[in-house]
Amino acid sequence: MDMPLTITTVMRHAEMYHGDREVVSATSEQDVQRASYSDVFRRARKLFNALQALGCQPGDRIATLAWNHQQHLELYYGVICGGYVLHTINPRLFDDQVAYIINHADDKWLFIDHDFVPLLERLRPQLNNVKGIVVIEPDDDLPENLFTNVHSYEDLLSGQDDNCAWPELDEFSACAMCYTSGTTGNPKGVLYSHRSLLLHTLSVSLLDTDGLGLNDVILPLVPMFHVNAWGLPFRAPLVGARIVFPNRYMGNPQVVSKLIAQESVTYGVSVPTIWQWLLDHLDQTGGNLKTLRKAVVGGAATPLSLFERFRDDYGVELTQGWGMTELCSAGTLNVPGPDFDSMNEADRKQYPLKQGRPIFGLEVKITDDEDNALPWDGATAGHLKVKGPTVCESYFGGTEAETGVDANGWFTTGDVATIDPDGTIQVTDRSKDLIKSGGEWISSIELENWAMTHPAIAEAAVISAAHDKWTERPLLIAVKKPDQTISKQDLLAWFDGKIARWWTPDDVIFVEQLPYTATGKISKLSLREQYGDYLIMGSGG
Ligand code: ADP
């Protein structure tokens with residue numbers, strides 16, 4: 001039968017077969033609120049009725065500035081299945097960037113957590129097209145004068161019928177959008193179709209990718225404004241897993257560890273930093289992760305020590321995934337195959353550092369600077385390009401030059417990688433972070449990985465620094481673990497025998513902390529701005 005592949009089908013399926021499964025949201029550091037998927041979808045219908053009453057038109061962008069909680073899930077379905085476009089905004093971007101994307105997306109209504117009222121107060125003079133705001137929580141203390149229309153979320157829903165006729169939608173119609181963090185230039189908008197999100201949801205849920213099911217209890221420790229919490233708000237209802245939302249407490253390891261134990265969480269996803277904080281907390285408090293079956297890490301390069309700590313100290317398999325805003329989220333997941341057990345010990349040990357094999361539907365290739373395809377030999381690094389039904393074709397409102405897609409339909413990811421004969425990719429750099437020393441590439445990620453295997457080093461970033469003779473050379477910027485001492489010379493000597501000698505960084509700078517971007521990644525751009533001339537200015541900068 002000709003039925004469109006829409007996110008509405010996920011809702012219908014979950015409502016029919018998983019309606020009683022639980023949606024848990026932290027409401028404070030101590031308390032949680034419980035609902036079922038049926039409750040969520042009933043309230044999503046009220047929301048759709050309310051959006052119609054507000055005069056929203058099909059395709060309108062409805063934006064959120066909100067943490068991970070039940071009401072945000074209601075917005076996901078009420079907006080998307082209602083035929084509007086859900087624009088989840090990252091509030092950690094610079095003020096000017098947030099104002100830029102609200103205007104660029106032409107957001108009509110903003111649904112915000114009360115936490116973000118001060119942000120909107122600052123941005124208000126720049127926002128001329130927004131019709132009004134809806135404050136999700138709490139009901140009182142509404143910023144009445146901020147916009148002509150200011151509503152409380154609960155009041156908005158309370159007057160509405162919980163029945164509605166969901167529109168029949170075209171699977172190719174837009175349903176959600178996210179902006180990339182725009183480390184260079186303005187953020188770029190990625191618009192998702194129903195079809196692309198549904199195919200991503202199905203592909204990632206296969207057993208040899210992420211394999212979630214009815215018996216899982218899922219904890220999204222990535223914000224719902226970071227690439228749709230990596231698709232979990234669609235995947236959990238599809239398979240009927242319980243979902244536990246940490247609200248604003250993602251970076252609070254006390255709350256997170258309590259939620260994991262109390263709700264018997266079996267599966268969680270996050271970026272390396274958040275996982276590291278959690279393990280540090282558990283180390284200090286003697287806590288455990290007994291219920292956790294699997295954890296996924298992605299979004300940035302992850303040190304080997306994190307995989308080892310998960311496995312050796314907590315008995316949990318930490319799986320690496322690689323993805324992008326432009327790919328609906330995941331592009332690859334590193335699930336060991338039948339060959340894993342027969343690998344030699346050194347390869348097995350390094351295996352978690354790979355980003356894994358592509359999800360169903362994603363084609364990959366690597367090329368040199370002239371776009372010639374390079375071999376899948378696990379050694380040759382090239383520009384990673386992808387194509388598939390979950391890949392963004394062009395940026396929202398962008399010029400043709402900005403699409404990143406070539407005439408043959410390949411999207412340039414901006415990452416540099418090797419590919420094994422079986423299609424397993426390993427990211428060695430971002431193109432813009434590449435170090436080209438005397439014309440040859442040096443992998444900053446590999447150097448960082450080795451630096452972080454040193455017991456005295458907590459964090460490391462390697463940047464390309466200008467050099468008189470070689471044009472560029474690697475410069476290591478490192479954070480020591482508390483109470484550890486180590487000299488530059490000792491750290492550089494640590495690389496001996498581990499990498500080609502000419503890859504060894506030219507110098508080391510110890511810092512108290514590294515700068516981070518709005519999505520929690522080390523900001524190499526800031527480091528390059530600060531230390532890019534360090535080697536030509538002489539030691540000490
Ligand atoms: P932003 O740049 O806004 O944070 P994304 O979340 O889309 O946007 O970032 C995608 C990029 O993150 C990828 O192109 C890659 O450079 C990096 N990345 C994602 N996952 C991994 C991973 N597992 N290992 C190394 N880098 C990763």
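## Ligand shell and ring pairs

Visitor: What distance separates a polar side-chain atom of H226 from an oxygen atom of the ligand?
Guide: Keep in mind that this is a predicted model. Polar contacts are N or O atoms within 3.5 Å. For H226, the polar side-chain atom and the ligand oxygen are separated by 3.0 Å.

Visitor: And how much of the ligand's own accessible area does the protein cover?
Guide: On its own, the ligand has 580 Å² of accessible area. Of that, the protein covers 94%.

Visitor: Which residue has a side-chain N or O atom 2.8 Å from an oxygen atom of the ligand?
Guide: R430 has a side-chain N or O atom at 2.9 Å from a ligand oxygen, so that isn't the value you're after under the 3.5 Å cut-off for polar contacts. The residue with the 2.8 Å distance is K521.

Visitor: Which strand gives the largest share of the shell around the ligand?
Guide: The ligand is surrounded by 17 residues, with S181, G321, T325, D415 and T519 the closest. By class, that shell splits into four nonpolar, ten polar and three charged residues. Five residues, the largest share, come from residues 317-324, which is strand β14.

Visitor: Moving to the aromatics, are the rings of F48 and W166 stacked or edge-to-face?
Guide: There are 13 aromatic pairs in the structure. For F48 and W166, the ring centres are 5.1 Å apart and the planes sit at 20°, so this pair is stacked.

Visitor: How many residues apart are F48 and W166?
Guide: F48 sits in helix α2 (residues 37-53), while W166 is in the loop between α6 (153-158) and β8 (174-179). F48 counts as buried at 4% relative accessibility, and W166 does too at 11%. The pair links distant parts of the chain, 118 residues apart.

Visitor: What about Y77 and F234: is that pair stacked or edge-to-face?
Guide: The centres are 6.2 Å apart and the planes are at 70°. Planes over 60 degrees apart count as edge-to-face, so Y77 and F234 are edge-to-face.

Visitor: Is Y77 buried or exposed?
Guide: Y77 belongs to a cluster linked by ring pairs, along with Y37, F41, Y76 and F234. Its relative accessible area is 0%, and under 20% means buried, so Y77 is buried.

Visitor: Last one: which ring does K498 lie over?
Guide: K498 is in the loop between α15 (488-493) and β25 (507-510), and K498 is partly exposed at 29% relative accessible area. At 3.8 Å from the ring centre, K498 lies over the face of W494.

Conventions
Residues are numbered from 1 along each chain as its sequence is written. This is a predicted model: local features need pLDDT of at least 70, side-chain atom pairs count only at pLDDT 80 or more; totals for chains, interfaces and linings use all residues. Side-chain values use heavy atoms; hydrogens and water are left out. A residue is near a molecule or strand if one of its heavy atoms lies within 4 Å of it. A polar contact is a pair of N or O atoms within 3.5 Å; within protein, one must be able to donate a hydrogen and the other to accept it, and residues adjacent in sequence count only if both atoms are side-chain atoms. Accessible areas come from the Shrake-Rupley method with a 1.4 Å probe; for residues, only the protein chains shown count as cover. Helices (H or I, at least four residues) and strands (E, at least two) are DSSP runs, numbered from the N terminus. Ala, Val, Leu, Ile, Met, Phe, Trp, Tyr, Cys and Pro count as nonpolar, Asp, Glu, Lys and Arg as charged, and the others, Gly among them, as polar. Buried means under 20% relative accessible area, exposed over 50%, partly exposed in between (1.4 Å probe, protein chains only). Rings of Phe, Tyr and Trp (its six-membered ring) pair if their centres lie within 6.5 Å; planes under 30 degrees apart count as stacked, over 60 as edge-to-face and the rest as tilted. A charge sits over a ring if NZ of Lys or CZ of Arg is within 6 Å of the ring centre and within 35 degrees of the ring normal.
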